[in-house]
Amino acid sequence: MTEIEIDDSIEMGMTVNTGATQNDTLRSARFRLERETHWRRLDGLVTRAEKGGAAALSYDEIRDLAAEYRQAMNSLSVARDISLDRALIAYLESLCARAYLVVYAPQESLGGLTTRLLTHGIPQAVRRSALPLFIGFLALILGAIVGYKLYVNDPSWLYTFVPPELADQRTPDASADYLRSTIYGDEHHGGDKLAAFSTYLFSHNTSIVILIFTLGIFLSIPSFILTFYNGLMLGAFFAMFNQKGLGYDVFAWLSIHGVTELAAIAIACAGGARLGLAVLLPGSRSRREALRHQAHDAVKLAILAALMLIAAAFIEGFLRQLVQDPTLRLVIGWGMGAFWASWLLLAGRENKTPREALG
């Protein structure tokens with residue numbers, strides 16, 4: 001091949017390459033021109049949804065958003081197949097990814113999720129936990145009965161069940177007047193002292209509840225034992241006051257905060273029992289799958305127990321010290337119990353359509 005022929009071949013190759021590049025550019029420009037209006041429309045809708053959530057869009061705009069998203073995905077697929085320029089493909093990938101998050105990702109805010117948890121998630125989890133709740137409250141009630149009976153037969157059992165720091169000189173040898181003074185203290189509690197006392201009680205009770213809940217995974221037995229032990233303390237403590245003729249007074253004293261606090265302990269035991277039952281009786285699932293399945297409701301029960309402990313700490317740290325009338329203590333305590341029961345039994349029930357109600 002002569003030098004002239006070589007030069008001609010190089011020029012022809014450059015011409016072909018240049019032509020191919022120009023054709024690719026023209027093809028990309030034509031592709032963009034035909035579809036860019038839809039992309040801009042989608043970009044605008046996605047931007048508004050990112051700033052204000054799906055609620056910022058009207059019904060028609062949401063419908064258009066879904067349609068434009070499908071069309072953009074189709075454009076991205078075509079662009080990849082015919083190997084259009086990388087900048088265009090990168091733009092479409094970014095746009096489609098943003099649109100995907102708007103269309104398919106959860107649109108609820110943290111406040112919305114919290115509201116749904118309180119109005120539906122927790123009450124429904126409680127109603128699905130009849131057997132674990134029965135186990136939790138049974139452990140507490142049995143413990144209280146056994147503790148009461150043992151104290152009546154031998155008051156020295158109190159020293160076994162109740163730690164010295166919790167008894168605080170409230171012992172079988174204490175006089176009725178002293179025991180009464182611990183129920184109706186005449187000291188003036190400052191706001192700072194009450195707040196510190198409330199914080200201490202919440203921390204103490206929370207540690208107990210966490211321990212009861214987490215140990216439930218071991219076939220529910222440790223959770224049952226710890227809850228039973230709390231019942232033993234309660235029964236022995238009540239028996240001591242009752243023998244001094246202060247049964248009604250101590251019942252009111254315990255009720256103002258105990259209805260909420262003891263229910264929280266039983267519910268924490270129920271959450272642990274759900275985990276334990278998943279390990280003990282997994283059913284058709286593997287134990288790992290059963291544990292993962294039961295954990296959803298178990299965690300909701302733990303959250304409920306924590307919320308109840310916050311309320312109990314406030315009541316015990318403030319109201320129990322400020323409210324001295326036993327009848328009012330009973331009203332507050334069991335009124336709180338009625339509130340918890342009403343919320344957990346009635347909230348989150350789905351309204352059935354007439355057809356569903358009939359059939």
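Student: Which residues in α2 meet which residues in α3?

Tutor: On the α2 side they are Leu65, Tyr69, Ala72, Met73, Ser75, Leu76, Ala79 and Arg80, and in α3 they meet Ile89, Leu92, Glu93, Cys96, Ala99, Tyr100, Val102, Val103 and Tyr104. Contact means heavy atoms within 4.5 Å, and helices are DSSP runs (H or I, at least four residues) numbered from the N terminus. Keep in mind that this is a predicted model, where local features need pLDDT of at least 70, side-chain atom pairs count only at pLDDT 80 or more, and totals for chains, interfaces and linings use all residues. Residues are numbered from 1 along each chain as its sequence is written, and side-chain values use heavy atoms, with hydrogens and water left out.

Student: What makes α2 roughly antiparallel to α3?

Tutor: The axes of α2 (residues 59–81) and α3 (residues 86–104) come within 9 Å and cross at roughly 150 degrees. Axes are lines fitted to C-alpha atoms, for helices over the stretch in contact, and angles run from 0 to 180 degrees between N-to-C directions. Angles over 145 count as roughly antiparallel, so α2 is roughly antiparallel to α3.

Student: How does the contact of α2 with α3 divide by residue class?

Tutor: Into 14 nonpolar, one polar and two charged residues. Ala, Val, Leu, Ile, Met, Phe, Trp, Tyr, Cys and Pro count as nonpolar, Asp, Glu, Lys and Arg as charged, and the others, Gly among them, as polar.

Student: At what angle do α11 and α12 pack?

Tutor: At about 170 degrees, with their axes 8 Å apart, and that makes α11 roughly antiparallel to α12. The residues of this contact divide into 24 nonpolar, four polar and six charged.

Student: What volume does the second largest pocket have?

Tutor: About 510 Å³. On a 1 Å grid over the protein atoms alone, a pocket is an open set of points with protein on both sides within 12 Å along at least five of seven lines, and lining residues have an atom within 4 Å of a point. Of the 18 lining residues, the closest to its centre are Leu140, Leu234, Phe251, Leu262 and Trp334.

Student: Which element gives the largest share of that lining?

Tutor: α11, with seven residues.

Definitions and conventions
On a 1 Å grid over the protein atoms alone, a cavity is a set of points where a 1.4 Å probe fits but cannot get out, and a pocket is an open set with protein on both sides within 12 Å along at least five of seven lines; lining residues have an atom within 4 Å of a point. Grid points are joined across faces, edges and corners, and a volume is the space filled by probe spheres set on the points. Helices (H or I, at least four residues) and strands (E, at least two) are DSSP runs, numbered from the N terminus. Angles under 35 degrees count as roughly parallel, over 145 as roughly antiparallel, 65 to 115 as roughly perpendicular and the rest as oblique.
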